[in-house]
There are 2 protein chains.
Amino acid sequence: MPTAMAAEREAPQVAVLAGGVGAARFLRGLVAVLPPERVTAIVNTGDDRVFYGVHVSPDVDIVTYTLAGRVDAQRGYGLEGDTTAVIETLEGLGHESWFRLGDRDFAICQHRTLRLAEGAGLAATAEEIRTALGVASRILPMSEDPCPTIVEVADGRRLHFEEYLARERSPDNVKAVDLSAAEHARPGPGVLEALAHADAILFAPSNPVVSIGPILAIPGVRDALQTARAPVVAVSPIVGGAPVKGPADRLLRGLGVEVSALGVAGLYRELADGFVLDAVDEALVPAVEALGLRVRALDTIMRTPEVAAEVARAALALAGLP
Amino acid sequence: MPTAMAAEREAPQVAVLAGGVGAARFLRGLVAVLPPERVTAIVNTGDDRVFYGVHVSPDVDIVTYTLAGRVDAQRGYGLEGDTTAVIETLEGLGHESWFRLGDRDFAICQHRTLRLAEGAGLAATAEEIRTALGVASRILPMSEDPCPTIVEVADGRRLHFEEYLARERSPDNVKAVDLSAAEHARPGPGVLEALAHADAILFAPSNPVVSIGPILAIPGVRDALQTARAPVVAVSPIVGGAPVKGPADRLLRGLGVEVSALGVAGLYRELADGFVLDAVDEALVPAVEALGLRVRALDTIMRTPEVAAEVARAALALAGLP
């Protein structure tokens with residue numbers, strides 16, 4: 001089929017910096033408007049942790065399951081219809097069970113664990129898993145190195161991000177976010193290359209502090225973004241002064257950043273050329289433009305794949321792609 | 001309740017050398033005729049292996065699940081009503097899946113794996129699991145040391161016992177059984193003490209080569225049996241010239257042992273004082289007695305707990321206990 005091949009050859013390469021749920025929904029829209037194999041997700045691994053002896057990569061898994069069409073849409077993570085026999089049994093044996101991992105999800109993470117023990121990296125393992133699940137887009141963990149994101153809360157405790165999020169349910173007592181592990185990590189295989197070769201680089205509507213932040217903290221990533229030939233367009237995860245999902249407001253406030261699309265645009269101003277925000281925040285457009293960013297405003301609450309596709313089209317348009 | 005306490009204090013202590021399904025059914029009968037906390041099972045770990053990254057102790061698990069009343073009665077192993085999401089998912093990721101491990105079973109083995117990694121031994125872990133499952137009898141793994149039973153087959157291959165049993169489905173080409181790992185292992189915590197303090201020592205109706213054999217191969221166990229004050233009574237796993245379950249016939253034939261209750265009695269003659277065989281083998285009684293063993297013949301096919309209790313009563317009676 002020469003025509004299809006030619007079309008594919010001409011389709012732009014798009015690299016997307018991605019966190020969890022918001023990124024996954026955005027990517028689902030992107031692969032509806034581009035050939036999925038032209039999309040590369042560079043995914044935060046700051047949330048990675050061993051639970052019950054298995055290596056969980058929460059954001060990598062959410063992105064993979066969503067692109068496979070198998071995510072539990074209600075929760076935004078995990079696998080649709082998954083069961084919980086393993087975790088219930090472990091609970092009965094005295095294990096903490098606040099991290100709710102379904103049985104099939106557990107098995108996938110056990111596969112990762114076994115492969116890591118054999119010396120395969122996170123990237124190779126992510127590739128195996130996305131291939132087994134029929135995902136055509138590349139999914140690149142941001143680094144092979146452990147990059148735990150640590151949330152420092154008011155009482156002085158230092159919590160792994162998932163302890164803050166899942167165990168403590170994101171209290172409003174954030175003092176600081178420690179990305180020092182990411183600051184000493186190396187970019188994962190393919191990450192810098194994907195940025196260099198992209199025709200557009202997008203920041204998914206993910207938490208700028210704990211999802212996009214760790215990726216940007218890895219030495220070499222900011223440079224790669226600044227030297228990339230592709231325009232960089234970010235999509236705001238903050239709509240009407242609140243995150244669509246997750247604790248971004250508490251994290252931003254804790255760090256003294258304004259909880260608004262404008263606050264997020266300010267964080268990205270040195271890296272981004274364009275910014276997509278929600279129609280409800282249209283009043284902020286002049287202020288964001290004043291930061292030097294091209295702006296599009298539209299409905300960004302991605303309740304359906306169709307809305308997600310529109311958001312993706314808007315981001316691509318801002319990047320100069322048809 | 002002083003009366004109950006006195007009765008318990010007076011109940012005999014019984015130690016049982018045990019393999020898998022046959023032993024588990026026998027033990028279920030034994031705990032119906034004795035206070036369960038007076039029963040100690042010393043269990044073969046020659047079948048132990050890591051599958052899918054988790055440490056499986058097939059015989060310990062069968063005994064535990066059966067005494068907990070939770071065994072899958074149809075299969076004789078695994079947990080009743082268990083699901084298979086984990087193994088199906090691993091299969092989808094390219095893993096061999098011939099060892100069928102249910103999800104709850106997997107979780108229990110994952111608990112063992114995590115505890116072993118923390119430095120807890122097999123015995124401590126077995127104790128945790130049986131306690132969590134409400135089993136009152138003690139379950140002692142025969143050793144803390146790896147004791148893989150290796151089956152050498154005609155084409156020269158050396159198979160782990162579970163490869164021979166579960167993967168290759170017990171072919172009739174056994175050349176030898178290698179118990180050299182057990183021959184260099186140390187008895188597990190409590191094993192020699194349980195034998196020394198028992199009022200009766202019973203060999204469950206388990207495979208004499210690959211279930212009871214590894215326990216007897218551990219240095220110190222034969223001595224402990226010979227110096228124990230308790231009589232030793234074995235229950236034949238061979239009924240009418242065939243094993244009730246499992247590949248004992250193929251293993252015995254491969255080793256040149258007659259596949260009959262008499263053949264088994266011959267293997268145990270130096271250790272045992274009594275021998276229970278099935279009523280269908282009544283004609284063998286004089287020959288077994290000629291080996292110097294006291295004998296009881298009765299229905300030993302333990303289709304129900306009631307039959308198992310009768311078999312247990314017969315074994316205890318031969319050991320001189322009322």
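## An antiparallel sheet in chain A

In this predicted model, 3 strands of chain A form an open sheet in the order β7-β6-β8, with antiparallel pairing (strands pair if DSSP finds at least two bridges between them; strands are DSSP runs of E, at least two residues, and helices are runs of H or I, at least four residues, both numbered from the N terminus). The edge strands, each pairing on one side only, are β7 (158–160) and β8 (174–178) of chain A, and the twist averages 30° from one strand to the next.

Strand β6 (residues 150–153) of chain A is joined to β7(A) by 3 bridges, the two running antiparallel, and Glu152(A) stands opposite Arg158(A) of β7(A).

## Conventions

Residues are numbered from 1 along each chain as its sequence is written, while chains are lettered from A and ligands numbered from 1 in the order in which they are written. Because the model is predicted, local features need pLDDT of at least 70 and side-chain atom pairs count only at pLDDT 80 or more, whereas totals for chains, interfaces and linings use all residues.

## Relation between the two chains

## The interface

In chain A, 20 residues are in contact with 20 residues of chain B, where contact requires C-beta atoms, placed from the backbone, to lie within 7 Å. The elements giving two or more residues to this side of chain A are α4 (85–92), α5 (103–117) and α6 (122–132), and the largest share, 9 residues, comes from α5(A).

By class, the side of chain A that touches chain B has 10 nonpolar, 7 polar and 3 charged residues (Ala, Val, Leu, Ile, Met, Phe, Trp, Tyr, Cys and Pro count as nonpolar, Asp, Glu, Lys and Arg as charged, and the others, Gly among them, as polar).

## Packing of α2 against α15

The axes of helix α2 (residues 21–33) and helix α15 (residues 305–318) of chain A come within 7 Å and cross at roughly 75°, the axes being lines fitted to C-alpha atoms over the stretch in contact and the angles running from 0 to 180 degrees between N-to-C directions.

Technical notes: Contact = placed C-beta atoms within 7 Å.
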